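Load the model below in your viewer and keep the selection tool at hand. The tour goes from a cavity to a sheet and then to a helix.

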Amino acid sequence: MALWVLAAIVLAGVIGAVWLHQVMAGDRDRALEAWQNDAIEITDTETGIVMEPASGATSTGLVFVPGAKVDPYAYLYKLSGIVENGTTVVITKPTLNLAFADLRPLDAFTTNAPRIDEWFVGGHSLGGVKSCQYASDTSVAGLVFFGSYCATDLSGTDLPVLSYVAQNDGLSTPQNIEDAAGLLPADTITVELPGANHADFGDYGVQPGDGESTVDDSDVRDAITDEFQAWLDALEP
């Protein structure tokens, strides 16, 4: 009997390990568009993927946390416009492909771009929830949610927050995000992306339970880029 129990435990461990290492793979063609974009430079490191403007030094950076079990490379294309405009982006490589399993501090990722003076943090889905936990770090200048919301009460802070809401998101639904809005500062900027769904914040195919996307991929990228830049510009004194 003891051998059966041991075998069951070992089997469960193997299944769990396999599940944790299976990710929703990024679209190769979209990732290549980012890699071949002459306006940005991409460096692969042990803890993250660093995307920098090719035009020269930048002082503003965004640490981006991927959604649960989503390939970090699936976000290269959608974030590439932000980089073109002058913001360095570090996409984290979460432990076990789950943001909440990653116990490393924020500087485990910001050290990938030591020239940055001002850091913003954000993420997609559960990655956005994880980014809230970095908000207490004194180096954080603001939060950016990509189809996500906070489980930590930040309503009493003056932290700038930008929240992208996909109109057809079937996972982090607009209603879910609205219900959690009370945990964020009153001046949070909310931007709806018409026709977009949860998976449109990256490029990794159809996600179970999601709504239908009715918008072009490049339009989502442009909207993310333009709204981020407008928000960033508005923060300048």
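## Stop 1: the cavity

This predicted structure holds one cavity of 30 Å³ or more. A cavity here is a set of points on a 1 Å grid over the protein atoms alone, where a 1.4 Å probe fits but cannot get out. The largest cavity has a volume of about 30 Å³, the volume being the space filled by probe spheres set on the points, which are joined across faces, edges and corners.

Select Val65, Thr92, Pro94, Ala99, Asp102, Phe109, Lys130 and Tyr134, which line the largest cavity. Lining residues have an atom within 4 Å of a point. Five are nonpolar, one is polar and two are charged (Tyr and Pro count as nonpolar; Asp and Lys as charged).

Residues are numbered from 1 along each chain as its sequence is written. In this predicted model, local features need pLDDT of at least 70, side-chain atom pairs count only at pLDDT 80 or more, and totals for chains, interfaces and linings use all residues, while side-chain values use heavy atoms, without hydrogens or water.

## Stop 2: the sheet

Switch to cartoon. Eight strands form an open sheet with mixed pairing, in the order β1-β2-β4-β3-β5-β6-β7-β8. Strands are DSSP runs of E, at least two residues, and helices runs of H or I, at least four, numbered from the N terminus; two strands pair if DSSP finds at least two bridges between them.

Select 40–44 (β1) and 189–193 (β8): these edge strands have a single partner each, so one side of each lacks a neighbour in the sheet. From one strand to the next, the twist averages 20°.

Now select 161–166, strand β7, which runs parallel to β8 and is joined to it by five bridges. Ala166 has Leu193 in β8 as its bridge partner.

## Stop 3: the helix

Finish with 217–235, helix α7, which packs on the sheet and touches β3, β5, β6, β7 and β8 (contact: heavy atoms within 4.5 Å). The directions of α7 and β7 make about 160°, on a 0 to 180 degrees scale between N-to-C directions of lines fitted to C-alpha atoms, for helices over the stretch in contact.

How values were computed: 1 Å grid on protein atoms, 1.4 Å probe; cavity = no way out; pocket = protein on both sides within 12 Å on 5 of 7 lines; lining within 4 Å.
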